[in-house]
Every structure is written in C-alpha cells, then in structure tokens.
Amino acid sequence: MHNSDQFEEEEDFGPSRSEQRREALAVLDLALQLVAQSDARIAQIPMDEDLRNLVLASKKVTAQIARKRQVHYLAKIMRREDDEALQAIRAALDHDKVEGRREAQALHQVEYWRDRLIADGDGALSELLALHPHADRQHLRQLARNAHQEKLKNKPPHAYRELFRELRDLLAEAPVPDEADDLEIEVDAIDESDYIAPDDFDFDTGRG
C-alpha cells in the first residue's frame with residue numbers, strides 16, 4: 001500500500017491544457033518566423049532536412065486560408081522535434097534580429113554624420129575627426145561642400161553618395177559605440193485574431 005507521499009511522486013498528469021496552448025502558440029510563432037525567411041536564409045538555419053523542405057514548401061502556399069492551414073501543419077510537425085532542435089532554430093533567428101538591429105544602427109550613424117557634415121561643415125567635421133582621427137579631413141570636407149552645392153543647385157547627388165560611402169567605410173573600421181549587446185531580443189507576438197484561437201486548436205491534429 002502506497003502512502004500519500006509515494007502517490008504524489010508517482011502521479012504525473014503531464015503538462016496542463018494551458019501549458020499545451022502556450023507551447024503550441026510558441027511553436028506556431030516559430031513556424032511563422034521561418035516561413036517569413038528567404039530561401040537562402042532557411043538553407044543556413046540548423047534543422048532536419050525534411051523539416052527544411054517542409055518550410056520551403058510552406059512558403060510557396062500563398063492563398064490566405066490555405067497558407068494558414070499549412071503553417072499550422074508545419075507547427076504540428078515542428079512540435080515533434082526535441083527541445084534542443086527548436087532552441088537551435090530560435091537561436092539562429094534571434095541572432096538575425098540582433099544583427100539586423102546592429103546594421104540598422106550603423107546605417108543611422110552614417111546618415112547622421114553625412115547630414116551633419118553637409119549642414120554644419122567644419123564644426124561637424126572636427127567632431128567626427130575627434131572620434132576618427134585617421135580620417136582624411138580634406139577629402140571629407142570637399143565631399144561635404146560638393147554635396148551641399150549639389151543640394152542647393154538641385155544637381156545629381158554624386159558627391160552626396162560618395163560621402164555616404166566614405167563615411168560607411170570609415171565608421172566600419174572601428175566598433176560602433178552602441179548598446180546592441182544589451183538589446184533585449186523581442187519575439188514577434190502572434191496576432192491571435194489572424195489565426196485559430198487556442199481553445200479551437202486541436203493539439204492532436206494541429207488544426208482548428
């Protein structure tokens with residue numbers, strides 16, 4: 001005869017219904033992120049080849065209702081993967097998000113200095129050289145002046161584009177002082193209005 005402690009240790013009801021819903025929605029979100037990637041990026045993300053082929057096939061379904069069903073089917077198949085496999089996929093996509101934000105911030109830095117040099121001239125150039133003393137002062141000054149004249153005279157932006165390229169190369173030579181390493185990785189939330197509601201989701205068939 002088992003005592004109550006032994007019974008509690010042996011009793012295992014598994015994950016609750018609400019936990020199942022959360023897990024299913026998390027995998028559905030992952031499936032949605034996957035089908036939003038380019039074919040080239042999907043080829044780089046670590047996953048089983050059968051799953052990769054299913055992701056690529058799912059991307060080709062474009063009709064709204066059919067695509068919704070296909071993504072739910074993809075999520076159902078993905079839920080059969082072990083936790084390590086799903087985590088590897090999440091890590092790859094999270095890395096893409098951080099890199100994308102780094103690139104966006106670097107681009108904004110280039111645009112910021114280009115506009116400052118054109119608008120403020122030598123004052124902005126002195127600030128830039130304080131950060132990058134090895135930069136070619138004369139070349140940047142001339143490009144900024146030419147770009148300013150192009151803007152005033154409504155001429156083709158040749159110097160404007162060349163200034164952008166020069167600044168992009170200059171700023172890429174040194175680490176951009178940003179907070180990218182501390183950025184919180186945000187997983188896009190599912191808009192439940194666009195998908196089958198959790199209460200209607202069949203956890204055995206993967207369909208609503």
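This is a short chat about a predicted model of a protein chain.

User: What's the secondary structure of the protein chain?
Analyst: It comes to nine helices and zero strands. Helices (H or I, at least four residues) and strands (E, at least two) are DSSP runs, numbered from the N terminus. The model is predicted, so to speak of local features we need pLDDT of at least 70, side-chain atom pairs count only at pLDDT 80 or more, and totals for chains, interfaces and linings use all residues. Residues are numbered from 1 along each chain as its sequence is written, and side-chain values use heavy atoms, with hydrogens and water left out.

User: How much of the protein chain is buried?
Analyst: Buried residues make up 30% of its 208 residues. Buried means under 20% relative accessible area, exposed over 50%, and partly exposed in between (1.4 Å probe, protein chains only).

User: OK, helices. How do H4 and H5 sit against each other?
Analyst: The axes of H4 (residues 49-59) and H5 (residues 64-78) come within 10 Å and cross at roughly 170°. That makes H4 roughly antiparallel to H5. Axes are lines fitted to C-alpha atoms, for helices over the stretch in contact, and angles run from 0 to 180 degrees between N-to-C directions. Under 35 degrees counts as roughly parallel, over 145 as roughly antiparallel, 65 to 115 as roughly perpendicular, and the rest as oblique.

User: Which H4 residues make that contact?
Analyst: Leu51, Leu54, Val55, Ser58 and Lys59 of H4, and they meet an H5 set that includes Arg67, Tyr73, Leu74 and Met78. Contact means heavy atoms within 4.5 Å.

User: Where is Leu74, and is it buried or exposed?
Analyst: Leu74 is in helix H5, and it is buried, with a relative accessible area of 0%. Leaving aside neighbours within four places in sequence, Leu74 is in contact with Ala31, Val35, Leu51, Leu54, Val55 and Ser58.

User: What about the largest nonpolar core, how many residues has it?
Analyst: It has 22 residues, and those with the most contacts inside it are Leu34, Leu51, Leu74, Met78 and Ile89. A nonpolar core is a set of buried Ala, Val, Leu, Ile, Met, Phe, Trp, Tyr and Cys residues joined through side-chain atoms within 4.5 Å. Helix H2 (17-35), H4, H5 and H6 each give two or more residues to this core. H2 gives the most, with seven residues. Apart from this core lies another, of 19 residues, among them Trp113, Ala124, Leu129 and Leu167.

User: Switching to H7. Which of its residues are buried?
Analyst: In H7 (residues 122-131), Ala124, Leu125, Leu128 and Leu129 are buried. Seen down the axis of H7, they fall within an arc of 135°, so they line one face of the helix. The arc is that of the directions from the helix axis to the C-beta atoms.

User: What covers them?
Analyst: The cover for the buried residues of H7 includes helix H6 (83-120), H8 and H9.

User: And at what angle do H6 and H7 pack?
Analyst: At about 140°, with their axes 6 Å apart. That makes H6 oblique to H7. Trp113, Arg116, Leu117 and Asp120 in H6 meet H7 residues including Ala124, Leu125 and Leu128.
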